[in-house]
Amino acid sequence: MQIAYDVPALREAIAQLPRPLGFVPTMGALHAGHLRLLKVARQECASVVASLFVNPLQFGAGEDLEKYPRDLEGDTTKFSGSGVDVLFMPDADVMYPPGFSTTIDTGEIGTAFEGAARPEHFRGVATVVTKLLNIVQPDTLYLGQKDAQQTAVLRKLITDLSIPTEIRIVPTVRERDGLAMSSRNAYLTVSERVAAPNLYKALEAIRTAMSNDESKAAAIAEATKKIASAEYFDVVDATTFEPIDTLRAPAFIIGSARFGTTRLIDNLWIAA
Ligand code: AMP
């Protein structure tokens, strides 16, 4: 595996790779969810490029940028063991040199749910992903379903800006008790870790209730009673991320809750 720390080195390494080229952007602290993305990319593409960059632009003031888990050595081994051809590991000043000022406004789709909880988040995600796509120029971008709104925002960005990259969404990898794998699970105390699968259980309860013709409002009220720390639950159209009243596929049942100081998100995919 080659490691590139700046854009010229990365472009030079990529120029040697056979196509099609798959790209897996990450913020590191790799877990089995990331590894699944890398595995699918490896199976589907002749070459795989991954990035490890904790993007300061997508963290709000007072969020966990400073304490975000970092494990460069362990991650490098995992990327290499997953068959990555080239790993891009830029410093913040490579991505955002002094004077950098252009950002991407994702519009309405990035304003509700995660966009409401984290106002500058999707601007930061859209800006870094646009920049990474311009640098890597992959045929396929691999994203996790775990970050459902991010998939919708980035799909729209790629369409709106005519970026010649396909999106491939990989199903969420979970712990045995249902908790969606996340780098932020490392923050959970023992008792928070015990409670955290309740978020997934609440989403499943909403799906069951609505499949049994209960109204969305009743299903969500019931779920919210079981999980006091919930921030939101909703059912949204998978493409527009606008709330819908029935389980009309393709859709996501989405939710967010706090366990201590850790904010987790999860969703269920309602397939067509
Ligand atoms: P992150 O490092 O958190 O920015 O995540 C990098 C990529 O891995 C994103 O496309 C995430 O959606 C994806 N991802 C994170 N957690 C999971 C998971 N549990 N299952 C599948 N993909 C995931």
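Trainee: What makes the sheet open, and in which order do the strands stand?

Mentor: The order of the 6 strands is β1-β4-β3-β2-β5-β6, with parallel pairing. The edges are β1 and β6 (166-170), since each pairs on one side only. From one strand to the next, the twist averages 25°. This is a predicted model: local features need pLDDT of at least 70, side-chain atom pairs need pLDDT 80 or more, and totals for chains, interfaces and linings use all residues. Residues are numbered from 1 along each chain as its sequence is written, and side-chain values use heavy atoms, without hydrogens and water.

Trainee: How do you know that β1 and strand β4 pair?

Mentor: Two strands pair if DSSP finds at least two bridges between them. β1 and β4 (residues 86-88) share 3 bridges in the parallel sense. Gln2 stands opposite Val86 in β4. Strands are DSSP runs of E, at least two residues; helices are runs of H or I, at least four; both are numbered from the N terminus.

Trainee: What does helix α1 touch when it packs on the sheet?

Mentor: Helix α1 (residues 7-15) touches β1, β2 (21-26), β3 (47-52) and β4. Contact means heavy atoms within 4.5 Å. The direction of α1 makes about 160° with that of β4. Helix α7 (residues 148-160) touches β5 (140-144) and β6, and makes about 170° with the direction of β6. Angles run from 0 to 180 degrees between N-to-C directions; axes are lines fitted to C-alpha atoms, for helices over the stretch in contact.

Trainee: Why is the contact of Arg118 with Glu63 called a salt bridge?

Mentor: The rule asks for a side-chain nitrogen of Lys or Arg within 4 Å of a carboxyl oxygen of Asp or Glu. The closest N and O atoms of Arg118 and Glu63 are 2.7 Å apart. So the pair qualifies. Arg118 lies in the loop between α5 (114-117) and α6 (121-136), and Glu63 in the loop between β3 and α3 (72-81), so parts 55 residues apart in sequence are tied together.

Trainee: What makes the side chains of Asp234 and Lys216 a salt bridge?

Mentor: Their N to O distance is 2.5 Å. Asp234 is in strand β7 (residues 230-237) and Lys216 in helix α10 (residues 216-226), so the linked parts are 18 residues apart in sequence. Both Asp234 and Lys216 are buried. The count comes to 16 salt bridges.

Trainee: How do you know that the peptide bond between Arg19 and Pro20 is cis?

Mentor: Omega is about 0°. Pro20 sits in the loop between α1 and β2. Ala249 and Pro250 are also joined by a cis peptide bond, with omega about -5°.

Definitions and conventions: Buried < 20%, exposed > 50% of the residue type's maximum accessible area, 1.4 Å probe, protein only.
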